[in-house]
Amino acid sequence: MNWKNLPGHIYESRMAGCTLTGALSVACFIPGAVAVVHAPEGCVHQTFSMLHAMMNDCDVSQIPEIIVSGIGDREVIFGGEDCLTAALDRAAALNPDLIFVVTSCVPETIGDDCGAVCSRHPSADKIIYVPTSGFLGGSAKDGENAVLTALASCVPLSQAVPGTVALIGEKNLESEADQNYAEVERLLARLGLRVTVRFCRGCDAATLMHLGTAECFILRDDRCRPAAEAIGERFKRPVIPEFPGGLSGCIDFLKNVGHACSIPEEKIASAVQDELLYQDQMLKKFSGLTKKTICLGAEPFAGTSAVAREAMERLSMQESESGFPVKLPFYLPVGAAGVEKMLYLWRRAVNNG
Amino acid sequence: MRQIALYGKGGIGKSTTSANLSAAFAEKGLDVMQIGCDPKHDSTRMLMHGRWIPTVLEQMYERKDLEMDDVIFTGFGGVRCVEAGGPEPGIGCAGRGIIATFQLLEKMKALHGDVVVYDVLGDVVCGGFAMPMRDGYAQEVYLVTSGELMSLYAANNICKAIARLSQRSTARCRLGGVICNSKNMDNERELVAEFAKRIGSKMVEFVPRDKAVQAAEVNQMTVIEHAPTSPQADVYRRLAGTILANDDLRIPTALDLDELEKLARAYL
């Protein structure tokens with residue numbers, strides 16, 4: 001089966017894991033937090049195996065703190081609320097800053113009132129209950145959104161601090177996440193903006209609680225749109241829908257973020273001008289590709305062809321089926337840095353045949 | 001070993017019929033086991049002279065290593081009585097509890113004898129409640145109904161479950177017939193007989209409404225034990241004989257709702 005040809009919803013539900021995978025990919029990577037999963041042990045074993053494989057890919061060596069309630073036959077028959085309480089006791093004994101409670105499809109099926117268990121636990125003020133409901137709750141994407149939304153709902157409302165933005169939905173196990181972040185940070189610096197909260201990537205609980213101080217929220221991509229919409233609505237601040245894709249994407253990004261943060265027009269125009277010059281300088285490094293004819297392969301991720309063709313146009317390159325075969329990046333190249341990396345690979349392919 | 005399950009609407013009299021059937025089988029010298037599949041655990045009370053026996057699930061909750069004597073109790077005529085039980089109302093999964101009960105009984109090699117009677121609760125509301133029909137447990141299903149529309153409706157729904165489950169490679173369940181447990185309605189016998197015919201089966205017994213049943217229950221006994229010479233006891237004996245002789249087991253065809261209502265109207 002070629003899974004890339006599956007419709008998106010089938011890919012999400014069948015290939016990307018259940019909500020537990022998505023929820024834990026966020027909840028497990030908050031320093032000082034503990035994730036409690038109310039599920040049979042097998043659910044967590046399966047999910048952790050997936051996360052572990054992804055962690056290896058991303059050179060992440062941190063072992064997440066996960067406590068599983070271990071629902072068994074007895075709990076399925078008589079209800080699993082007691083074993084959730086026991087798991088919460090174990091989590092509380094570690095004295096964490098936050099306790100995420102994530103549920104699988106089993107307690108949902110048998111009707112455990114997990115919310116009530118969490119609210120009456122002595123550590124209730126630290127608990128963030130995320131009723132993900134395993135496969136019954138949707139796909140991994142829904143799990144990610146559920147944790148982000150639940151955590152954001154605990155963040156106090158604050159006055160916006162001028163010149164600050166927050167990023168929403170960077171994947172903890174995304175390859176090149178730090179490079180992409182650096183690119184976004186570079187562009188924001190042109191407008192005099194700085195990132196104060198990465199929600200949730202490497203931020204401890206105290207930092208995450210400053211989410212409400214951002215002037216605007218920048219969403220990594222459409223995957224976490226439901227959470228970003230809820231966050232934007234809660235804090236009544238604008239949400240930028242995605243990281244910049246390619247060269248013109250950088251320009252649009254500067255304009256959109258500048259307007260969202262009420263940056264003066266002349267400063268935005270200056271930032272755009274500087275960025276265009278920067279891009280020209282970057283493209284000059286690849287002047288050897290000018291007039292070359294290449295053949296783009298299949299598009300693995302929506303939008304990559306458009307980004308690639310824009311770069312080709314700026315370099316006066318040609319596209320033909322008989323040209324040098326080059327690969328498109330698997331993910332949409334973020335900003336000029338993403339394009340630069342793509343062009344390095346193309347140059348290598350063209351020069352080396 | 002014959003494995004017989006009684007299904008029907010809640011309150012229709014399945015437990016009374018089951019207990020009297022078991023008693024009648026025992027009277028014939030058969031080795032009988034009755035398993036109550038209802039969390040109410042009141043299936044075997046009359047066989048146990050009013051005693052609420054501990055349920056399998058209660059025992060499973062309290063202890064790990066259960067012995068046969070912890071869950072199987074001997075009642076009238078040597079009938080081996082088991083109550084599956086269930087969780088407190090509103091939590092957990094009673095269906096899974098029934099499955100766990102059967103698995104335990106199998107593990108104990110307790111499912112033996114000449115006849116096992118499964119007294120199944122109310123309607124088929126989830127896979128767990130259909131469990132006696134699955135995986136080769138109940139091979140013969142008898143529908144207990146009266147002439148009331150909702151009883152027929154429940155019986156008709158159970159026909160759908162039998163038809164569906166009979167397609168499974170591991171299932172061997174078939175419909176043995178319909179038992180009319182009378183509510184003293186006009187034309188009730190004819191209506192239920194016609195219903196049975198329409199679903200592709202037959203009415204195996206008409207159980208009249210009789211004070212002997214209430215009298216026996218007040219005295220915490222089956223009719224067979226309390227009033228062995230009563231006509232009602234003979235009805236149950238006849239039913240037991242009919243079931244033992246019955247080899248006409250079929251896959252039923254459920255009626256659609258309009259047809260069912262039309263049928264009920266025709267016999268008003």
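Buried area denotes the accessible area (1.4 Å probe) that two parts lose on being put together, summed over both. The structure is a predicted model in which local features need pLDDT of at least 70 and side-chain atom pairs count only at pLDDT 80 or more, whereas totals for chains, interfaces and linings use all residues. Residues are numbered from 1 along each chain as its sequence is written, chains are lettered from A and ligands numbered from 1 in the order in which they are written, and side-chain values use heavy atoms, with hydrogens and water left out.

**View 1. The interface of chain A and chain B.** Together the two chains bury about 920 Å², and carbon and sulfur atoms account for 58% of this area. Of the area that chain A buries against chain B, 63% comes from R74(A), I77(A) and F78(A), more than from any other three residues. Eight residues of chain A and 11 residues of chain B take part in the contact (heavy atoms within 4.5 Å).

View 2. One salt bridge (a side-chain nitrogen of Lys or Arg within 4 Å of a carboxyl oxygen of Asp or Glu) is counted between the chains. D73(A) and R96(B) form a salt bridge, with their closest N and O atoms 2.6 Å apart. On the side of chain A that touches chain B, helix 4 (residues 73-78) of chain A gives the most, with five residues. Helices (H or I, at least four residues) and strands (E, at least two) are DSSP runs, numbered from the N terminus.

**View 3. The second largest pocket.** A pocket is an open set of points on a 1 Å grid over the protein atoms alone, where a 1.4 Å probe fits, with protein on both sides within 12 Å along at least five of seven lines; lining residues have an atom within 4 Å of a point. The lining comprises 23 residues, and E176(A), P329(A), Y331(A), G338(A) and K341(A) lie nearest the centre. Helix 9 (177-190) and helix 15 (335-352) of chain A are the elements that give two or more residues to this lining. Helix 15 of chain A gives the most, with seven residues.

**View 4. The salt bridge of E170(A) and R198(A).** These side chains meet at 2.8 Å, N to O. E170(A) lies in the loop between strand 5 (164-168) and helix 9 of chain A, and R198(A) in strand 6 (residues 194-199) of chain A, so the pair ties together parts that are 28 residues apart in sequence.
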